[in-house]
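Here is a set of questions and answers on one structure. Please look it over before reading on.

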Amino acid sequence: MSRFNRRDSFNLISKLTPRRAWNGVKVMSSYYISKWTKKPVQWGYPISISFEPTTSCNLRCPECPSGLRAFTRPTGMLQKDFFSETIDQLHKELLYLVFYFQGEPYLNPSFLDMVQYASKKRIYTATSTNAHYLTDANAKRTIESGLDRLIISIDGTTQDVYEQYRVGGQLNKVIEGAKNIVKWKKELNSSKPFVVFQFLVVKPNEHQVEDVKKLAKETGVDDVWFKTAQVYDYKNDPNQLIPSIDKYSRYKKTPGGYTFKGKLSNHCWRLWHDPVITWDGLVAPCCFDKDAQHQLGDLKKKSFKEIWTNGEYGKFRQNILKGRKNIDICANCSEGTKVWSND
């Protein structure tokens, strides 16, 4: 299995239009000019967006604000009309849409309707799920919605290991849900969605890295991705989640505890091409601002295109270029640290 899949890549490329391609050139050019000059320049509109279907979740994962019910911002469900109005503003430039920020997307009753709306606009759509709601009926609807990529979180290959991180979860439901998707892809003769098992490597499950590859083959999913875990109090690691396998850890052990391995260079591609929109219309700089504390605009008050070029966005980009290590959400950022299987 490998990170690159030809069929999935061709599917993404097929969504390109001359306008989206030109927008991508403008965005990338402005990012590199900003990086070189240390002055924020923004041309074009987002290439990708993450939209939050809901903050609700059925699980209680120990490092997840949604699972811990730790939000200070309002919680709720993305409304279909608000979603479609926002997409109508952006679809001509937008290439890639992630239906995920916090929460379990399938808990939103309108989730698959919104996927279908975006798919009809020829936008590449992706989501991440804990797969507990991939019933036979939902699996069929998922295929019919036109979803392009489905990431299934499966952080263990036995129940006793799985539930140590996915607290309250049932592994048998995850496997059953994945099999439902694979079955309906065949039944409907669909090459989509590209189905991924995502394995968050933590200390309790690191001995099952090879096992999950075997499980993926048995289940019939398309790929396995391994992801490093974000630990908020990584210096002390109170939940004992940091793995001992160095390649799967964002942190290195020191005599006083742990330190972050990443290098926080003063630039970040995400700020130029990939914003996050919460269920209630707040625009956040990226997926690491889980509580949307760095609000760059409110879509209930302004259009996205006004927010994208406003003073708050410019200030945040300038702060990134000046000193990223001084921004709290950057301090534990895994940008560039995801690991995929390569066998």
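A cavity is a set of points, on a 1 Å grid over the protein atoms alone, where a 1.4 Å probe fits but cannot get out; lining residues have an atom within 4 Å of a point. Grid points are joined across faces, edges and corners, and a volume is the space filled by probe spheres set on the points. This is a predicted model: local features need pLDDT of at least 70, side-chain atom pairs count only at pLDDT 80 or more, and totals for chains, interfaces and linings use all residues. Residues are numbered from 1 along each chain as its sequence is written, and side-chain values use heavy atoms, with hydrogens and water left out.

Q: What is the volume of the largest cavity?
A: The structure holds one cavity of 30 Å³ or more. The largest cavity has a volume of about 70 Å³.

Q: Which elements give two or more residues to the lining of the largest cavity?
A: Residues that line the largest cavity include Cys268, Phe288, Phe316 and Cys333. Elements are DSSP runs, numbered from the N terminus: helices (H or I) have at least four residues, strands (E) at least two. Two or more lining residues come from each of helix H10 (270-273) and helix H12 (311-323).

Q: How many charged residues does the lining of the largest cavity have?
A: Asp, Glu, Lys and Arg count as charged; Ala, Val, Leu, Ile, Met, Phe, Trp, Tyr, Cys and Pro as nonpolar; the others, Gly among them, as polar. Arg270 and Arg324 are among the lining residues. By class, the lining has 10 nonpolar residues, no polar ones and, as charged residues, two.

Q: Is threonine 127 buried or exposed?
A: Threonine 127 lies in strand E3 (residues 124-129). Buried means under 20% relative accessible area, exposed over 50%, and partly exposed in between (1.4 Å probe, protein chains only). Threonine 127 has 1% relative accessibility, so it counts as buried.

Q: Which residue has its backbone oxygen 2.7 Å from a polar atom of the side chain of threonine 127?
A: Contact means heavy atoms within 4.5 Å. Beyond four places in sequence, threonine 127 is in contact with residues including Phe99, Pro105 and Leu147. The backbone oxygen at 2.7 Å belongs to phenylalanine 99.

Q: What is the length of the polar contact that joins the side chains of arginine 141 and aspartate 113?
A: Arginine 141 is in helix H6 (residues 136-145). A polar contact is a pair of N or O atoms within 3.5 Å; within protein, one must be able to donate a hydrogen and the other to accept it, and residues adjacent in sequence count only if both atoms are side-chain atoms. The side chains of arginine 141 and aspartate 113 are joined at 3.3 Å.

Q: Where is alanine 292?
A: Alanine 292 has a positive phi near 50° and is not a glycine. Its relative accessible area is 1%, so alanine 292 is buried. It lies in the loop between strand E10 (282-284) and strand E11 (297-298).

Key:
1 Å grid on protein atoms, 1.4 Å probe; cavity = no way out; pocket = protein on both sides within 12 Å on 5 of 7 lines; lining within 4 Å.
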